[in-house]
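This report describes selected strands, a helix, salt bridges and a charged surface patch. The sequence and the structure are shown first.

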Amino acid sequence: MKIDPRTRIILVFLISSAAVVIKELIPLLFLLLLTLILCRMFSVHLSGSIKRLRKLLYFFIILALIQSIFTPGEETLIAAGGLKILTTEGLEAGISIIIRMSVIILSALIIASAPAMDVVYGLIAMKLPYEIAFMVLLSIKFLPLFREEFADSIIAVQLAGADLVKIPLRQKLSLYTYVLTPSVIKALNRARLISLSMEARGFRIYPDRTSYCKLSMSRMDYVTITAASAAVLLIISYNFSIIG
Amino acid sequence: MSFYTINSLTFSYAGTDKLFQNISFDIEANQHIGLVGPNGCGKTTLVKLMLGILRPQGGEIYLEGNNIKDISLSDVGKKVGYVFQNPDKQLFCPTVLEQMRFSFTYGDCGSAEAINDNTDYYLKAFDLMQYKSLSPMKLSRGEKQRLALASVLSRDVRFLILDEPSTGLDILRKKQLENCLMELKQEGKGYMIISHEAKFLDRYVDRLLKLHAEGVEYA
């Protein structure tokens, strides 16, 4: 099924905006379900992506814990002396933040699973200046570049004899500081080289660009956008009906 | 027991045809081997498998009798020195001097006296002394290559794998590299060099290992 890249961009905008607006747990779960259905529809390789995001799980858990502890509530679940540590409302807020982050990340995968140039064409077709559309492309490329550079440096560190499991925490921290800065610089350098290469091919010489790729929305695109928008609106109105 | 034993190794990258299938060979610790083959035949991939950076789909690799998958990268690194094809991927310290000392500071790769002696010796040998307080990222391609070589050679490893070590080196620096290879030979240490330079390999390796889609063969 060939879907126009604009459809993906609109859907991601809709879902991520809804994830920010919706505050209640049940509507958030519905939104997560809708996102999963859309991911399936756009053939997002979920298991592979989740595996790669596994390391973020600890970050989510810590975030949820902080949110749980600092959200005030009536019904206490855990207390130390007179101090409320965890309340039902806090627990709900913690779970909500995990679901909200999952929705945002999964919806981003709908764009990430499309070829990067398609996304650029989509943004240009949505009247975004082409310079900005290509900046988006470079920023999309930056994270995997950074990840690759960092992974390469970690391999180099280990092959130089440093055992990341056995060295003391203090040394480990200084080592990661060692590796982080050059990784960022190397990734920035590579992004700079891409932009230089683009400019060497005449990028930005003229205010407009002619493209061989002409996008056109099909009936399937309109149906998908309408159905997803209706579902999102329903979920948002359900959220507000709970709040009262 | 051979230093390296490669047994029925099969590997392919995700979504591509098999790069190599059922290849087997042995390497002794004091052997000097040249690994050759056309572009894209998997020479660097084979080395990454031998270091444990990549995992094979089939077969086993043994380093001193231990399966490579059971050895940590740092333990492999203490026995085998690897000079990356792209020196940018190997250099990560804030200064040239720290890069040279890294393995001694964090990897326990030699005695305390060895730190200064080896560092100074190899910085001089590769004309890098004047850059010791500079960031490796400010060096030219050839200087980075020399630093990558110097930082690996300064460590007391049993075997070296050099991935296109002469790339980016001028005639004088290539001579310095050749001197180091001669020293390694005299010390009884083995190495494997990936290179497309037939003359260079002719002089410094004892055997050529040819890698192609059907397998490997000693030439």
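With which residue does B:Asp88 form a salt bridge, and how far apart are the closest N and O atoms? The partner of B:Asp88 is B:Lys144, and the closest N and O atoms are 2.8 Å apart.

## Basis of the model

This is a predicted model, in which local features need pLDDT of at least 70 and side-chain atom pairs count only at pLDDT 80 or more, whereas totals for chains, interfaces and linings use all residues. Residues are numbered from 1 along each chain as its sequence is written, chains are lettered from A and ligands numbered from 1 in the order in which they are written, and side-chain values use heavy atoms, with hydrogens and water left out.

## Salt bridges

Over all chains, the structure holds 18 salt bridges (a side-chain nitrogen of Lys or Arg within 4 Å of a carboxyl oxygen of Asp or Glu). Helices (H or I, at least four residues) and strands (E, at least two) are DSSP runs, numbered from the N terminus. B:Asp88 is partly exposed at 28% relative accessibility, while B:Lys144 is buried at 11%. Here buried means under 20% relative accessible area, exposed over 50% and partly exposed in between, with a 1.4 Å probe and protein chains only.

A salt bridge also joins B:Arg173 to B:Asp170, with the closest N and O atoms 2.8 Å apart. B:Arg173 is buried, at 17% relative accessibility, and B:Asp170 is partly exposed, at 36%. B:Asp206 and B:Lys185 meet in a further salt bridge (3.6 Å, N to O). That pair links distant parts of the chain, 21 residues apart: B:Asp206 is in the loop between α7 (198–204) and β9 of chain B, and B:Lys185 is in helix α6 (residues 171–187) of chain B. Both count as partly exposed, B:Asp206 at 48% relative accessibility and B:Lys185 at 25%. Elsewhere, a network of salt bridges links A:Glu148, A:Glu149, A:Asp152 and A:Arg190 with B:Lys89.

## Strand pairing in chain B

Strand β9 (residues 207–212) of chain B pairs in the parallel sense with strand β3 (residues 32–36) of chain B, over four bridges; strands pair if DSSP finds at least two bridges between them. In this pairing, B:Lys210 of β9(B) stands opposite B:Val36.

β9(B) also pairs with strand β10 (residues 215–218) of chain B, in the antiparallel sense and over four bridges. B:Leu211 stands opposite B:Val216 in β10(B), and a hairpin of two residues joins β9(B) to β10(B).

## An enclosed helix

Helix α1 (residues 43–51) of chain B is largely enclosed by the rest of the structure, because eight of its nine residues are buried. Among them are B:Leu46, B:Val47, B:Leu49, B:Met50 and B:Leu51. B:Lys43, B:Thr44 and B:Thr45 of α1(B) are buried as well. After α1(B) comes B:Gly52, with a positive phi near 90°.
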